[in-house]
Amino acid sequence: MNKLSTEKRAMILRLLVEGMSMRSITRTLGCSINTVTKLLEAAGTYLGEFQDEAIRNLPCTRLEVDEAWSFVYAKQKNVARAKSAPAEAGDVWTWTAICADTKLIPSWRVGDRSAATAVDFMDDLRKRLRNRVQLSSDGHRPYLIAVEEAFGGDVDYAMIVKEYGNPADDDGSKQAHRRYSPGTVNGVEKTVVVGSPNLDLISTSYAERSNLTLRMSMRRFTRLTNAFSKKLNNHALMVALFTMYYNYCRPHKTLGRIHTTPAMAAKLTDRVWKLEDLIAIIDERTPPPAKPGPKPKARPE
């Protein structure tokens, strides 16, 4: 079986995490959609496994969490009349956590916005931490259940709720054509839920900015395009690939040192990884192809 070179596979991964759609990659590099799809499946699977094993015993002290909306196959309101919609079609939410000090994304979940997904997400996050942490979230109520289930009282947790107003024109009137402009923040309310969090550090700004990076770096998260995910599994695999690239390969300018990635700041590695390093992990974990069985004996004439 023919296999693309390491350099070309690394280029496919780079284009995937830099905001190109799969079809655009096939046109740019002259490869088939099956090639891109199979590489995404392998990358998401094996890099997700690697992160699950490696991102443990973290020294984080302050974490923020948030959810990013997207959809699979069709928006929830359109699923009923969508043609041949799969069972997982509709709105989907990507739950992410970020360490405010290292900018590491230690945990994420793709699912609905229910309490069950919140509990699963928080339980996974807690297992990766070494210390008691200060945790901030928005006012989404399932967090109350999830934090209690995962941390009990061993956390300093607070919610921050921002009150948004509609964007207004210069004359003060609100127009429909401004609906894609960001809302103005009219007020902020901070509520301590458990423990003794530092009130000055209660914030979800890093998590919201991280979700902006997520939305800009993966084409399937870009609004008002036809590059949205058609399958939930591919959506989750792309998130696993992106977080690996973000944590290990992409230097974060806010860390104060040149060429420092979140994984380096969290002491998970001592160098900036290259995409070729990700390809090496994929190759190492990919099982060898099955050997062909014996050929059937020819029937006697």
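**Labels and their grounds**

Mentor: In this predicted model, arginine 128 is buried, its relative accessible area being 4%.

Trainee: What makes arginine 128 count as buried?
Mentor: Buried means under 20% relative accessible area; arginine 128 has 4%, and therefore it is buried.

Trainee: How do you know that aspartate 124 forms a salt bridge with arginine 128?
Mentor: The closest N and O atoms of aspartate 124 and arginine 128 are 2.9 Å apart. The cut-off is 4 Å, so the pair qualifies as a salt bridge. Aspartate 124 is also buried, with a relative accessible area of 11%.

Trainee: Why is the pair of glutamate 208 and lysine 162 called a salt bridge?
Mentor: Their side chains meet at 3.2 Å, N to O, and the limit is 4 Å. Glutamate 208 belongs to helix 6 and lysine 162 to strand 5, so the pair ties together parts that are 46 residues apart in sequence.

Trainee: What makes the contact between the side chains of threonine 117 and aspartate 112 a polar contact?
Mentor: The two side chains are 2.5 Å apart in this contact, and the cut-off for such a pair of N or O atoms is 3.5 Å. Threonine 117 is placed in helix 4 and is buried at 14% relative accessible area.

Technical notes. Residues numbered from 1 in each chain as written. Predicted model: local features only at pLDDT ≥ 70, side-chain atom pairs only at ≥ 80, totals over all residues. Heavy atoms only, no water. Helix = DSSP H or I, 4+ residues; strand = E, 2+ residues; numbered from the N terminus. Buried < 20%, exposed > 50% of the residue type's maximum accessible area, 1.4 Å probe, protein only. Polar contact = N/O pair within 3.5 Å; in protein donor to acceptor, adjacent residues only side chain to side chain.
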